[in-house]
Amino acid sequence: ELGVPAVVGCENACTLLENGQKITVNCSSGDIGTILEGSVPFRIKITNISEIKPTKTQMMINLGNPELAFGLSFLPCDGVGLARMEFIINEYIKVHPMALLHLEYVKDIKDHLHIARLLEGYSTGADYMIQKLSEGVGTLAAAFYPRPVVIRLSDFKSNEYASLIGGKGIEPEEANPMIGFRGASRYTHPAYEEGFALECKALRRVRQDMGLTNLIVMVPFCRTVKEAKLVSEVMRKYGLQRGENGLKVYMMCEIPNNVISIDEFAPLFDGISIGSNDLTQLTLGCDRDNEMIAQDFDERDPGVMKMLKLAIEGAKRNSLHTGICGQAPSDYPEIARYLVELGIDSISLIPDTLIKTKQMCAELEQELAK
């Protein structure tokens with residue numbers, strides 16, 4: 001998103017590389033990055049976007065940084081399929097939402113002072129978060145208006161929340177945060193519901209006060225139908241009523257149960273967006289944060305591909321919008337092709353793969369129309 005190549009899981013980088021050494025980080029070949037010695041020459045390919053043919057499949061982008069929104073809005077995309085709230089909280093708010101509401105939870109004096117400095121000029125911690133979050137999300141929605149912008153509700157894991165200012169004394173220590181206290185389960189829990197209320201009020205401000213009704217809200221990591229119903233009730237309680245002023249609510253389809261029980265989830269949502277990262281992880285039982293088993297994490301696995309098919313077919317059967325916002329179609333053109341053949345409504349990509357994927361999609365749609 002920042003335009004900076006990055007490779008994770010380099011076990012020997014700290015021992016092999018030296019300060020000041022010239023290297024080239026190459027991320028142009030899908031999911032395997034390479035570190036090359038020296039400054040390796042490269043070519044820049046320029047594409048005339050006016051020559052790119054329109055597609056029936058909506059081609060969208062993933063985005064989190066409001067500062068990049070207006071620049072990226074000039075790309076030939078149909079909107080934002082995944083706007084990440086976590087970036088705004090991390091970079092602009094910086095403080096754990098519950099610490100803003102309950103300063104007594106914060107035990108570290110340095111954190112106390114840091115929070116006090118950030119809140120200068122704001123009447124309360126709640127006002128600070130609502131204003132900062134709504135301004136960040138509003139910038140994303142305004143940049144692409146009237147194209148849709150799908151904002152995912154906060155999906156930090158507990159260890160990530162703990163890294164926010166004031167978060168250490170608030171968050172539980174979990175052995176496996178990836179499948180722990182995250183997503184929808186947080187929103188209705190007494191330990192975080194007050195913080196979730198601030199998220200809802202900020203998004204209501206974007207839609208109601210700023211008039212940016214192109215904003216769609218998406219619920220992540222929703223394990224059960226019961227949980228989906230509870231989240232819907234809490235959202236309504238804090239001003240986000242599905243259908244009011246055209247508000248659409250999507251569900252991240254990223255847990256096998258979302259696919260298996262799609263018919264039961266469907267009445268509660270207007271669409272789904274497949275999170276291929278977590279869906280792959282949970283289908284294969286493979287921790288995507290563990291580099292020791294990274295070779296087993298593959299979205300192209302036949303079981304995962306079948307999950308994608310079942311999710312799209314199930315959503316279509318229930319007249320839901322179908323999209324994908326995971327990494328898979330950005331890394332693997334064959335997955336993007338497979339999704340288009342299944343008739344998916346939208347594909348959301350990292351910005352640097354949008355052009356080539358849209359070109360491929362246009363050519364494929366022409367083939368399928370024959």
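Modeller: Two strands pair if DSSP finds at least two bridges between them. Strands here are DSSP runs of E, at least two residues long, and helices are runs of H or I, at least four, all numbered from the N terminus. This is a predicted model, so local features need pLDDT of at least 70, side-chain atom pairs count only at pLDDT 80 or more, and totals for chains, interfaces and linings use all residues. Residues are numbered from 1 along each chain as its sequence is written, and side-chain values use heavy atoms, with hydrogens and water left out.

Biologist: Which strands close into the barrel?

Modeller: Follow the order S3-S4-S5-S6-S7-S8-S9-S10: those 8 strands close it, with parallel pairing.

Biologist: And which residues of helix H13 are buried?

Modeller: Buried means under 20% relative accessible area, exposed over 50%, and partly exposed in between (1.4 Å probe, protein chains only). In H13 (residues 276-284), Ser-276, Asp-278, Leu-279, Thr-280 and Gln-281 are buried.

Biologist: Why does Leu-17 count as partly exposed?

Modeller: Because its relative accessibility is 35%. You'll find Leu-17 in the loop between helix H1 (13-16) and strand S1 (23-26).
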